[in-house]
Structure formats: structure tokens, C-alpha cells
Amino acid sequence: MSPASLVFREIMHRRISFVLGTMAIAVSVVCLVGALAVLESFDRATDKQLGEMNAETEKILKAHEDEIRKAMKGLGFNIHIYPDAQDLAEIYSKGYGLETMPESYVSKLADSDIVTVNHLLPRLTQMVEWPEGDASVLLFGVRGEEPIAFRGANRKGELIDPVAKGEIALGYELHHRRKIITGDSIVFRGRKFNVGKTHERRGGIDDITAWASLSVVQEMLGKPGKINSILALECNCESLDRLGEVVSEIKSILPNTQIIEVESKALARAQARNGAKSLRLRDKEKFLDDRESLRATREGFTNVLSILVASLSLIWIAYLTSSNVRERIMEIGTLSAIGVGFSRLLLVILSRAVLMGICGTFLALVFLALSGKLIWHIDVFERVAFGFYGWIGLIMSVPLLSCAAAWLPAFTGAQRAPAEILRND
Amino acid sequence: MTDSRAGNPVARASALRKIYGESPDPVVALDEVSLQVHAGEFLAVCGPSGCGKSTLLLTIGLLLRPDAGDLEIADQNIAELSPSRQSSFRAQNIGFVFQDFHLIPYLNVLENVLVPTLAQPLSDASARAEMLLEEMGLAARHDHLPSELSAGERQRTALVRALMLRPRLILADEPTGNLDRENADCVLNHLAHYSEVGGAVVMATHDEGAMMRAGRRVLMDKGRIVGSDDGGNKR
């Protein structure tokens, strides 16, 4: 006869109380693991939402980025550099000025180490008559882009195609009325030009503008080596306060100039972009705050529930052990009288509680394995935040806790003097 | 039968005193009890209920610590043994038979008689159990639960359990108290046989028939030995 067979036979004899104890353990383990699973499930769901939110933010910001880039290409975060003498009121009223500055300013700027500007376009502009076409035309001399020297191979691609010598590009009102198409030859102020491009309607002064090579326009207007302005495009505008930097950098290279930002759309877009970004960030922060708050509430609830269930289970185990000891008191007295020592008696009584712990944990794990996917949609063994050692710890600690709960009644029972139990006086 | 009282006694009690409760109403369960039991002796302790018979058996059986007096079992002064050592000493030297049998209800007959091996492993436990069950006429019952046995069979099972580890002393507390005459005789025969083959038996009883089966009788009253058919310890 071994203690193990005695324990086993006793459990089989009083199986209902053993099953009740095992169930209590199983319920508390399921509650504990279930609570963790619920929390983890919540974390995963909110992480997924957060990921989606981040992706959406990135998508929106990318859309803004593309939009801004397009805007910058079309409208630009455009800096116009004018000679100091230019009356800006004229610019604002007519759209162009007549004061000139040396064309070499462009080269000076391009040869510097300017970093806030990506594209430099020298221009000579003047409103002229087109006698052959019977129209007033804003003649626009463009040279194409001046490459910024220090960027070398890394410099940005050209934004505006230069107009070749002998070619002319016409705004909508200039070609549409006269049924001029690309490839036609026209005479403009006594010079023959090949029409290189005809523009769509833009709804502004561009529609009565003719673009030609800068050197040709300089020659036509009698202003060789002169320009009215330099258009600086695609200025670095990631943040709003970079405008000051742009101005400051250009003024340090070309002190005899004045700089204005002629288009505010790009800024508005940049503001919108920054606004959208900060709005999304605020949404994200709010989401994170809400998530933390909800998680804390859930965690608090699950902690309280787990502790409550575990405490009730342990009290239940203690009660069952106490009942078991009361029920077996004659047996305990007899075993003690026969010579079974205190420690072995304690072992026999506690083994029952330990086995309840082992069986309860095992039962709970089987239940969790089978139902985890159905209830929490996760594989609890792989994904609950226990880890391998956590599971081992759980499997070991539950029987130990069960043993601890049974300790007092078991100790009291094993310590009872057999004579008290067996006395027949 | 040889003179059973030659040589050292298996149990020697000197002036044992045991009091239950405290002042002002203590109950003196044993009052200066002295007794010797030798190997081969079958001693009956007689007396009315509450006279201290069971207390004397429990004290000799090391289940109660006397308040005063000396006790030696198998030449061992019991006062020198620690409580844990007393358990193993009890397992090696003393067997108990109780009026209510105290069999373990969920173990069958064979398992019940093997229970003492929990305290003291025995190499030939199964063979000895089978042999004793055969001797007691329980061979056909060895896989029966106690609830499936008659009272006599239960007491014989309890007797086999007491004999399993070959103790030097059997303490039987009212072993025939719950038995009919036929079963009582059977149990008494086995106890007598055990003493005849060299064991010592102390039986507490108030059953006159049982008393007469013993080789020697002492009479107790109010915790004292008040009579003995060998004239010893009479006060």
C-alpha cells in the first residue's frame, strides 16, 4: 500500500467533492486566463485600429503631399525676386513690373549654396502690342531653369520647359480666336516664330501671354542682359516659418533685391496639410487616451474578477478540505494509531488538494484550448501574454495555491491526537 | 501453555497517572496504575464503562502521554522517544483492534490489511496478508469493501491488520463489543492463539465471556486497578 494508491482510492470514493473542487479551480484558471485573453484581444483589436488609423493618416498626408507638390509645380510656393527699385504696387496692379536687374543675378544665386530654393527662373516681362494679331500681349521672356550648381546630380528636375529660340508659346485668347495651332508659323512684331505650344484656358493674364526665349525677348524689347524678376519655385515649405528662412537666405546673396511671395494658395495648402496632420495626430492621441482609459477600466474589472474568483475558489478548496478532514477523522485517527506519522498523514490529505489543482488547471487548459478561438478568437496558448514560462508557472502555482488553501484544515486534521478520536471511555 | 510471565515484560507501566480536564473538576482517568504484560500473555482489563480501561490501552499504545509515571514497551522507555519516533515505534511494536473496527471504507479487505505498510514497509506484505486472511477465513473476501462484510468479518479484518507488522503487543479495546457470540468467540480464539505463539495481548472488556478467555484479568474502577486474579497491584 502506497500513499498514492490511498489518495487515489479516497478520491474515487469521494469523487463528488473532488470534482467540485476541481471545477472551482478550473473556473478560476479560466477566469484568470480569460481575463488576460480579453485584455490581449482588446489590445490586438485596438492595435489593429491604430494601425489602420496610422495607415489612413499616412494616406491622407501622402495625398496632401501630392496635392501640394502639384500645387507647387503649378503655382508653387513661389518667391518673386524683384529689383529694389521696383514699385510693388505696379506688380500688384498690373501683374508685372518694368524695373530691371542684371540677368547675372540668377547665376549668382544659382552658384551660391542656397538650400531653401529648388528652381530658379529668370524672366523679362512687358505688355506689348501685337500689330499682326491686333492684340495687346504680355510678352514673357523665359530662359528655362538655371541649374543650382552645388546640388550637381542631385538637383531637382526642371519644372518649366524653356522655350527654344524661334519658337513661341501662346495663351488661350491669343491662339483660340485666330485658330492658331501648334506647328503654325506666325509673325509677332515683325519676327517669324514657330508656334511651339498653345495653352488651355487658365482664366487669367496667362491667356493673353506669349512666351518666347529670354534672349529673343531681351532683343525685341531692347533690354539685353536684363531681367525683371526671378521666379523661385518649390521653396522648401514643410513648415510655415520656413518662409522667413527663404527670404533671409536670398537677401544674403542678392542684397539689392526685394522678395515677395505672390501666391498664397500653396501656403494655404501647406497650412491645410499641417492642420490635417495635427488633426489626425490629435485624433490618434485621443484614441490612445481612450484606449488606455478603457483598458485600465477593463484591466481593473478583470483583476477584481480574477482575484474574487480565485479567492472564492481557494476558500472553497479550504472548505472542501475541511469537510474532507471531518469526514475522514476516524480514518485519520486509525492511521495515526497504526503508526502513520504526521508528515505522511499531511501528505495524504494535501495530495487531494494538489490533485484538484492539477486536474482543475488541466481541465481549464483543455477548455481554453477548445473554446479560445470560439470565444476570444485567439489561440490562448500561443497568444495570451503568459509565454512558455508563464504557462509552466501557472501549472505549478495553481496546485501550490490549492495546497496552501488546504493547508490549515489539513494541518489541523493531521495534528489531531488519535486518542481524542478513538477513545472509548 | 508455558509460563508466560518469565523474562522481561513486553509492556511495563509504573504508577501511570492521567487526568482529563483542569481544576476545579479534573477527571482522574488513571490513578497510579502499574502493570506488566509479558510475551505470551493474554491479559484482560475489566471494569465498568468510564473506569479507565480505554485510557490505559491508549496510554500503553502511546496514543496518550501520561501525566506521571513510567512506561516501557519492548525495553524502550517511551518518555525518551520523540513524537515522530513514537509513531514508527508504535507501527513496529503495537497493533490495535477497536470495538468499531475502524476499517477504511473505500479500501477493500486486502488493502485495509495492507494499510500498516504505509507506516512501515514490509517486504512480504502481500504474501503475509494473503496468509493471514486465509487463516482468518477471509480469503474469499479480500476484494470486498468493509460495507460488504459482516461485523465478524470486519473485526477479523481489523485483527489481520493489527497482526500485519508482527507486533509484540496487541491492544484490543472491546473487540467483541459489536459482535455476536459466535463471532466474538472467533476473534477471542485468534487473540488467544496470538498470545500462545509468543505475542502479548491486552484486551479491555466488560464482557464476562471475553474476560474468561484471557489468561489473566485485572479489574479497574475509577482509574485504579482494584483487583487482579494473580493478586498483583491490588490496592
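Predicted model: local features only at pLDDT ≥ 70, side-chain atom pairs only at ≥ 80, totals over all residues.

I began with the second largest pocket and asked which element gives the largest share of its lining. That is H2(B), with five residues. I read off a volume of about 510 Å³ for this pocket. I found 27 residues in its lining, and those nearest the centre are Leu62(B), Leu63(B), Pro83(B), Gln86(B) and Arg90(B). The elements giving two or more residues come from both chains: H10 (342-375) and H12 (387-415) of chain A, and strand S4 (68-73) and helix H2 (83-93) of chain B. I sorted the lining by class and got 14 nonpolar, nine polar and four charged residues.

I took the largest cavity, which has a volume of about 90 Å³. Its lining includes Ile338(A) from chain A, and from chain B Ala91(B), Ile94(B), Gly95(B), Phe96(B), Pro116(B), Arg161(B), Ala162(B), Leu165(B) and Pro167(B). Strand S6 (94-98) and helix H5 (151-163) of chain B each give two or more of these residues. S6(B) gives the most, three residues. By class I noted eight nonpolar residues, one polar and one charged.

I then looked at the second largest cavity, at about 50 Å³. I listed its lining as Leu422(A) together with Ser54(B), Leu57(B), Leu58(B), Phe96(B), Val97(B), Phe98(B), Leu171(B), Ala172(B) and Asp173(B). Here helix H1 (53-60), S6 and strand S7 (169-173), of chain B, are the elements with two or more residues in the lining. The class tally is eight nonpolar, one polar and one charged.

Last, I checked the surface. Which residues form the nonpolar patch? They are Ile16(A), Leu20(A), Trp316(A) and Tyr319(A), with about 410 Å² of accessible area together. Helix H2 (15-74) and helix H8 (265-327) of chain A each give two or more residues to the patch. I picked out Tyr319(A), which sits in helix H8 of chain A.

Conventions: Residues numbered from 1 in each chain as written. Chains lettered and ligands numbered in written order. Heavy atoms only, no water. 1 Å grid on protein atoms, 1.4 Å probe; cavity = no way out; pocket = protein on both sides within 12 Å on 5 of 7 lines; lining within 4 Å. Points joined across faces, edges and corners; volume = space filled by probe spheres on them. Helix = DSSP H or I, 4+ residues; strand = E, 2+ residues; numbered from the N terminus. Nonpolar A, V, L, I, M, F, W, Y, C, P; charged D, E, K, R; others polar. Patch = residues over 30% accessible without salt bridge, like charges linked within 9 Å, V, L, I, M, F, W, Y side chains within 5 Å. Areas by Shrake-Rupley, 256 points an atom, 1.4 Å probe, with all protein chains shown as cover. Salt bridge = Lys/Arg side-chain N within 4 Å of Asp/Glu carboxyl O.
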